[in-house]
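My entries follow the order in which I checked things.

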Amino acid sequence: MIKVGDLVRTKFDKGSTIGLVTDVFQKKHWDTGELGIAVNWEKAPMRDFANVLSYGGREHRFLLDDLETLPTK
C-alpha cells in the first residue's frame with residue numbers, strides 16, 4: 001500500500017512522472033470510459049488518490065491504481 005513519504009512513479013507513459021507522496025486521500029471519481037459521459041455524482045464511487053510532489057516543485061494528483069513504488073536500494 002502506498003503511503004506518505006513513498007517515492008513513486010506512474011505506471012503509464014513509461015513512468016514519466018516520479019515523485020514523493022505528500023498526501024493519500026479518498027474522493028469521488030467518475031471514469032467516463034467505464035461509466036459514460038453523463039456524470040452523476042451521487043453514483044460516483046470513492047477512489048484512493050495521492051498527491052505527488054515531482055520535478056520543479058509541481059504537485060500532481062493521481063489515482064493510487066496508476067502509481068507504483070520505486071524499489072529501495
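This is a predicted model: local features need pLDDT of at least 70, side-chain atom pairs count only at pLDDT 80 or more; totals for chains, interfaces and linings use all residues.

The entries below go from the sheet to single residues.

Residues are numbered from 1 along each chain as its sequence is written, and side-chain values use heavy atoms, with hydrogens and water left out.

Sheet. I found an open sheet of 5 strands in the order β4-β3-β2-β1-β5, with antiparallel pairing. Since β4 (59-63) and β5 (67-69) each have a single partner strand, they stand at the edges, so one side of each is left without a neighbour in the sheet. Strands here are DSSP runs of E of at least two residues, numbered from the N terminus, and two of them pair if DSSP finds at least two bridges between them.

Strands β3 and β4. I looked up the link between β3 (residues 46-53) and β4, which run antiparallel and are joined by 5 bridges; Phe 49 has Leu 63 in β4 as its bridge partner.

Asn 51. This residue lies in β3 and is buried, with a relative accessible area of 14% (buried means under 20%, exposed over 50%, partly exposed in between, with a 1.4 Å probe and protein chains only).

Gly 56. I located Gly 56 in the loop between β3 and β4, where Gly 56 is exposed at a relative accessible area of 80%.

Definitions and conventions. Helices (H or I, at least four residues) and strands (E, at least two) are DSSP runs, numbered from the N terminus.
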